[in-house]
Each structure stands twice: as C-alpha cells, then as structure tokens.
Amino acid sequence: MDLNKAAVLALTIIQIPSVICATYIFFQIFQRTSSLRRLQNHLFIYLLIVATWNIIIDLPNTQVYFWTGTVSISTPWFCRFWNTSYLYSAALNRFLMAFMAIERHYLVFRPHFYHTHRSRLLFHYTPLVFMISVIFIYVLIANVFVSCPGSAFIYSIFMCGYTCAVRSTDLGTIYCWVFVFIPTTMTIIGCVLLPIRFIIQKRQLQRIQWHRARKMIVQMSIIAGTYTICWLPYTIVLQLDIAGILPFFDPNMNRFLALMPYVTSLLTPFIILQTIHDELNLGLVERIKRRFFPQRQRKIRPVVNSVGKQQDSANREKHTAINRNKIGES
C-alpha cells in the first residue's frame, strides 16, 4: 500500500468518530436551554460548522483523489467549486481562530463591552459578518472570475492543479500572507499574551470573575495550541513553496499541503467537546449508559435493631413472671 492510500485510511478512521462527535454537539446546541448559546461559546459553534463542512464536503473529494489518482468529477465547474470551498473553509477557519484569540481578551478583562445588545452587535456580530463576507468575496473572485496563463485544469493533479488564486505568484503570495500567515500569527500572539495578562491582572479580578476567566483561558489555550501546531508548519511550507524554494508539484509537498488542513477539522469536534464538556447536557449520555449498561438492583434487607430486640425479649420475660405470680397468689 502506497502512502496516499495509507493517508486516506488514516483520515477515514478519524473521520467517522469526528462526524459522530460533531453530530452530538449539534444536538446539544439545538436544545433551548443549552449553555452553548452563550456569547463566549459562539465561536466554538462557528468553528464546528466550518470543520463539519470541511469533513463532509471537501474531505471526500480529497479521499477519492488520493485513492484513485484522479478527481471525482472531471469538469471545470467542479474544479472551481472544490478550490473555492477548500480555500474558503481553510481561510475562514484560521480567521475565526484569530478572532477568538482577540475576543477572549475582551471577554476576560473587559466583559462590560458585551452587556448590551448594541455592544454585542458592534463588537461581536458586525466584525464576524464583515470578516466572513470579505473572505468569501475574495476567494470567489480569485477562483472563479480571475484567469491567468496556463490556467487549464489537470484532472490527475490534486484540486485539478489549483486555480489562479494559488497558481498565480501575486495572488498566491496574497493568499499566503493575508489568509494564512497573518491569522496564524495573530492566534499565536493572542494565545501567548492571554495567560500573561491574566497573571499580571489576577489581583484586580473578583473571585467569580477569576474562576470564569481561568476557565476561558484554559479553553482558549487548548484549542489555539492545537491549531498552532497544525497551521504553523503548513504556513512555513506554503511560503517556501510559493517562493520557489520547494518544488510546487512535488508529491510529498502536495500530500502535506493537501492533508494538513483536514487535521484541524477532524480534531475540532473532539477539542470542542473536551473544552466545554462541563457545559453540555449529559442527560443523553446517562440514558445511553442506563440502556446498554444497566446496573443490577441490590436487594435491600431490613436492618434489625439488636437493642430493640433485647428490650422486647426482656418485656416478654417480665410479663411472663407477672402472670406466674398472679397464678401463684390465686
């Protein structure tokens, strides 16, 4: 078995439980009383939505290519759709993580910014809508409407040999720096500064705020650390690839650049489940345990009080002696 098929099998093994985990979290979100609807958990939900799209839509196309050596649908419109979906989900994934790294500083040290509906609209929803829209418009234009020399698709190469958004030196450099390097750097800086600020300003926080802040910092550190481990090598290799230092169509580089973005998507449901497990409604888990692993009922036996038993026997002997005396007197 070659490396391509081995990589496909490894991704498939992780893909199945990842989808199950994501489905369970979505089931919890749809409950009206779920704490996952709180503002501080919104970005976890957005990251999960992007990761689920990546796992269900983009990953099967990649698995077909690395297993068969050709794209699943050999048409130009499919190649453009695949490039647009793949690059957009990866860029949005990184920017959502960077936005979370910045917003966590305000949620921990300036929570009053989000107390009113107007402030939440200004500092939370508006930047998110703007960011999602700008990334989508750029990726759509660069992949669909821009043409460059030698832009014919090659169906025996991953993602049909890419569109001009990556194949063009200028557009490739823009994508690498703006949509890969900058959000990855922002995530690293925000994640490193957050615990440092917490240690410095710890005395200024009240006891309730301290526990809440520590919890959000731990959540942020876990997910940001995992994303950084996955995206930092990808950023370095992609920059060397676009600069011409590494061969663009080298099989090993092609495999690394193709599969690395899926690692974060596959791990995202497990990371989110681990970081917010105490906020989930575990009633479903308890019902499953009782259904498939029923506990044996223990028979409860009445406890006999030895002192009471002795008193009853003493009273019976006393009554017996009294009755005998009455009989003897008569």
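Thr-163 is buried, with a relative accessible area of 3%; buried means under 20%, exposed over 50%, and partly exposed in between (1.4 Å probe, protein chains only). The model is predicted: local features need pLDDT of at least 70, side-chain atom pairs count only at pLDDT 80 or more, and totals for chains, interfaces and linings use all residues. Residues are numbered from 1 along each chain as its sequence is written, and side-chain values use heavy atoms, with hydrogens and water left out.

**Exercise 1.** Find the disulfides and state which parts each one ties together.

*Solution.* Step 1: a disulfide is a pair of cysteine sulfur atoms within 2.5 Å, and the whole structure has 2. Step 2: Cys-79 and Cys-160 form one, with a torsion about the S-S bond of about -70 degrees, so this disulfide is left-handed. Cys-79 lies in helix H3 (residues 76-109) and Cys-160 in the loop between H4 and H5, so the pair ties together parts 81 residues apart in sequence. Step 3: Cys-148 and Cys-164 form a disulfide, their sulfur atoms 2.0 Å apart. Cys-148 lies in the loop between H4 and H5 and Cys-164 in helix H5, so this pair joins parts 16 residues apart in sequence.

Conventions. Helices (H or I, at least four residues) and strands (E, at least two) are DSSP runs, numbered from the N terminus.
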